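Here's a quick briefing for anyone meeting this structure for the first time. Take a look at it, then read on.

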Amino acid sequence: MGTRCCWRRRVLVAACLGTALLLLCAAPRSLRLALGNRALSPGWLTGERRSPLQLLYDLDQEAPRSPLVAVHRQRRDLLRRACSRLTRRQRLLAPADLQHVLVDDAHGLLYCYVPKVACTNWKRVLLALSGRAGGDPRAIPAREAHAPGRLPSLADFSPAEIYRRLRAYLAFLFVREPFERLASAYRNKFTRPYSAAFQRRFGTRIVARLRPSARPEARARGHDVRFAEFLAYLLDPRTRRDGPFNEHWERVHALCHPCRLRYDVVGKFETLAEDAAFVLDLVGAPGLRFPAPPRPQAAAARDLAARLFRDISPFYQRRLFNLYKMDYLLFNYSVPSYLRLG
């Protein structure tokens with residue numbers, strides 16, 4: 001009897017939160033800002049400073065808008081229109097769906113992190129904003145940035161607290177060309193010696209399933225997974241039956257739910273420096289420098305993806321594109337020229 005009551009309460013919580021989120025996503029920006037007057041930060045309640053969300057609203061009202069403000073307005077509008085066109089029935093969200101949305105109460109921020117889209121550096125920045133490492137994100141090791149519990153998740157809060165933050169905080173995410181992100185995940189997780197633990201977890205599974213005559217070392221270590229095997233694993237229906245994709249290759253729309261949560265800033269990996277500076281200006285921390293990548297990456301990322309997909313048949317390219325098609329459409333990415341979709 002107790003188990004049944006507990007289950008009913010969880011269903012009720014999920015239904016209430018999901019309904020609230022759907023209503024919030026449908027609410028116009030002006031209503032959301034009005035509701036945001038009840039934000040959690042004392043500075044905003046006393047009127048001592050304006051929240052990042054309020055500052056963004058102010059910039060949106062300026063005439064003429066600056067080119068960067070106009071770009072971000074266009075991205076929001078494109079995302080909203082794509083969601084309206086592509087999603088008809090939306091399931092209700094439960095708190096567990098919000099695990100990737102990190103919370104900064106002091107600055108009024110919600111950041112949905114997407115692996116392989118500068119998320120390590122964004123976590124460093126959020127920690128630096130809280131005063132860690134003397135406010136220098138470059139001084140924070142990657143293992144500390146990713147340590148569980150370092151940054152609170154929206155999933156940690158009650159439905160009422162989640163809703164209050166969604167109303168009042170600036171929500172942002174960063175996205176990347178889907179196949180370049182996929183190629184980066186493969187290279188980082190399956191071809192680098194420092195990912196040995198990840199390879200034992202996933203590589204051995206892929207080898208056992210797709211390479212029946214594999215050598216004992218490959219079965220034990222999973223260190224030599226080929227790109228074609230990795231893609232076949234993603235496309236295998238058994239993979240999804242076993243559970244959700246790993247976050248490093250899960251689709252952005254499944255991690256961050258951009259058609260159910262309203263994102264105020266959609267940053268892109270391809271314009272990372274400009275978009276990161278835009279967010280930090282809204283936060284009121286223009287002096288905080290977003291850690292720059294060690295070398296120019298845009299051309300290298302495209303070349304890597306093109307090289308890896310060159311040996312993949314058009315049939316499997318089409319199937320994989322269909323798997324990631326929603327991310328292409330929601331975030332306005334063009335089909336890569338190296339694909340042979342026919």
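His257 counts as buried because its relative accessibility is 5% (buried means under 20% relative accessible area, exposed over 50%, partly exposed in between, with a 1.4 Å probe and protein chains only). This is a predicted model, where local features need pLDDT of at least 70, side-chain atom pairs count only at pLDDT 80 or more, and totals for chains, interfaces and linings use all residues. Residues are numbered from 1 along each chain as its sequence is written, and side-chain values use heavy atoms, leaving out hydrogens and water.

- His257 isn't a glycine, yet its phi is positive, at about 55°.
- You'll find His257 in the loop between helix H14 (252-256) and strand S4 (265-268); helices (H or I, at least four residues) and strands (E, at least two) are DSSP runs, numbered from the N terminus.
- Lys116, another residue other than glycine, has a positive phi near 75°, and sits in the loop between strand S2 (109-112) and H6.
- Ala63 and Pro64 are joined by a cis peptide bond, with omega about -5°.
- Pro64 belongs to the loop between helix H4 (52-61) and helix H5 (67-86).

**How H6 meets H15**

- The axes of helix H6 (residues 119-129) and helix H15 (residues 272-283) cross at roughly 20° and come within 13 Å; axes are lines fitted to C-alpha atoms, for helices over the stretch in contact, and angles run from 0 to 180 degrees between N-to-C directions.
- Trp122, Val125 and Leu129 in H6 meet Leu272, Ala276, Val279, Leu280 and Val283 in H15 (contact means heavy atoms within 4.5 Å).
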